[in-house]
Amino acid sequence: MNTQNPNLPTNIGQNLSMNPKKFLLWLAIVSIIMMFAAFTSAYLVRRAEGNWLEFNIPIIFTYSTAILLVSSFTMHLSYWAAKKDHFLLISSSISITFVLGIVFLIMQVIGWVELTKNNVFLVGNPSGSFFYVISGLHGLHIVSALIVLIFALVATFKTKVHAKQLNQIEMCVTYWHFLDLLWLYLFFFLLYNN
């Protein structure tokens, strides 16, 4: 006896399928969001307890934020170029994004050095500890995104990224934009809750 409803399409399972790598990326993104939500919640709770050192966030963190915003534009440009099969533009946009990501990380380190000159350390007052841990963990995720960009760049040189093969570049763009938005949230959170 056939228990299937004849009014339902037979390919319903196919319509709901998702690329497994994209699914894993979205799982990772949700996990990262939960981790940083936990850190920012703990930050607010600990700050309310008192004994909280207030300090000015060095201006270089503002500049590094601007660099990351520009890198999102160049990353999106690589996606647009892939849709149009502009291979030189794909590789140059990914390369520029990579360089901007490195510049962002260098500026973060310079900001940390400036913080230590202002007597804000990783160990000591919790306000400094939270700042270093939150910005450092985000930096580690930027490093992971830079590694992903290297793989995308290699795939581009092998012409494996093009209008009919967009999965890899879509995932790169999604992850990079996510990290950019995450940093904007973290930066303004730290700026206004310091």
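Biologist: Which side chain does E49 meet in a salt bridge?
Modeller: That of R46, with 4.0 Å from N to O. A salt bridge here is a side-chain nitrogen of Lys or Arg within 4 Å of a carboxyl oxygen of Asp or Glu. The model is predicted, so local features need pLDDT of at least 70 and side-chain atom pairs count only at pLDDT 80 or more, while totals for chains, interfaces and linings use all residues. Residues are numbered from 1 along each chain as its sequence is written, and side-chain values use heavy atoms, with hydrogens and water left out.

Biologist: Is E49 buried or exposed?
Modeller: E49 counts as exposed, at 59% relative accessibility. The cut-offs on relative accessible area are under 20% for buried and over 50% for exposed, with partly exposed in between (1.4 Å probe, protein chains only).

Biologist: How many salt bridges does that rule give?
Modeller: The count is two. Helices are DSSP runs of H or I with at least four residues, strands are runs of E with at least two, and both are numbered from the N terminus. E170 is partly exposed, at 22% relative accessible area.

Biologist: On to the inside. Which residues have the most contacts in the largest nonpolar core?
Modeller: F61, M75, I94, I142, I169 and W176, in a core of 49 residues. A nonpolar core is a set of buried Ala, Val, Leu, Ile, Met, Phe, Trp, Tyr and Cys residues joined through side-chain atoms within 4.5 Å.

Biologist: Which helix gives the most to this core?
Modeller: α6, with 14 residues. Each of α2, α3, α4, α5 and α6 supplies at least two.

Biologist: F61 was on that list. What aromatic pair does F61 form?
Modeller: F61 pairs edge-to-face with F131, at 5.1 Å centre to centre and 85 degrees between the planes. Rings of Phe, Tyr and Trp (its six-membered ring) pair if their centres lie within 6.5 Å; planes under 30 degrees apart are stacked, over 60 edge-to-face, and the rest tilted. F61 is in helix α3 (residues 60-83) and F131 in helix α5 (residues 126-157), so "distant parts of the chain" applies: they are 70 residues apart. Both F61 and F131 are buried.

Biologist: How many aromatic pairs are in the whole structure?
Modeller: The search finds 13. Another of them is F188 with Y192, which is stacked at 6.2 Å centre to centre and 10 degrees between the planes. These two lie in helix α6 (residues 167-192), four residues apart, about one turn of the helix. F188 is partly exposed, at 38% relative accessible area, whereas Y192 is exposed, at 63%. There is also one aromatic cluster formed by Y43, W52, F130, Y185 and F189.

Biologist: Now the surface. Which residues form the nonpolar patch?
Modeller: M18, F23, L24, W26 and L27, with about 520 Å² of accessible area together. Patches take residues with over 30% relative accessible area and no salt bridge, joining like charges within 9 Å and nonpolar side chains (Val, Leu, Ile, Met, Phe, Trp, Tyr) within 5 Å. The areas come from the Shrake-Rupley method with a 1.4 Å probe, and for residues only the protein chains shown count as cover. L24 lies in helix α2 (residues 20-48) and is exposed at 53% relative accessibility.

Biologist: Last topic, the helix lengths. What does α4 reach from its first C-alpha to its last?
Modeller: Helix α4 (residues 87-117) has 31 residues and reaches 45 Å, close to the expected 45 Å. The expected span is 1.5 Å times one less than the number of residues. α5, with 32 residues, reaches 46 Å, close to the 46 Å expected.

Biologist: Which residue just after α5 takes a positive phi?
Modeller: T159, at about 50 degrees. T159 is in the loop between α5 and α6 and is partly exposed, at 45% relative accessible area. D85, in the loop between α3 and α4, has a positive phi of about 60 degrees although it is not a glycine. Just after α4, N119 has a positive phi of about 65 degrees.
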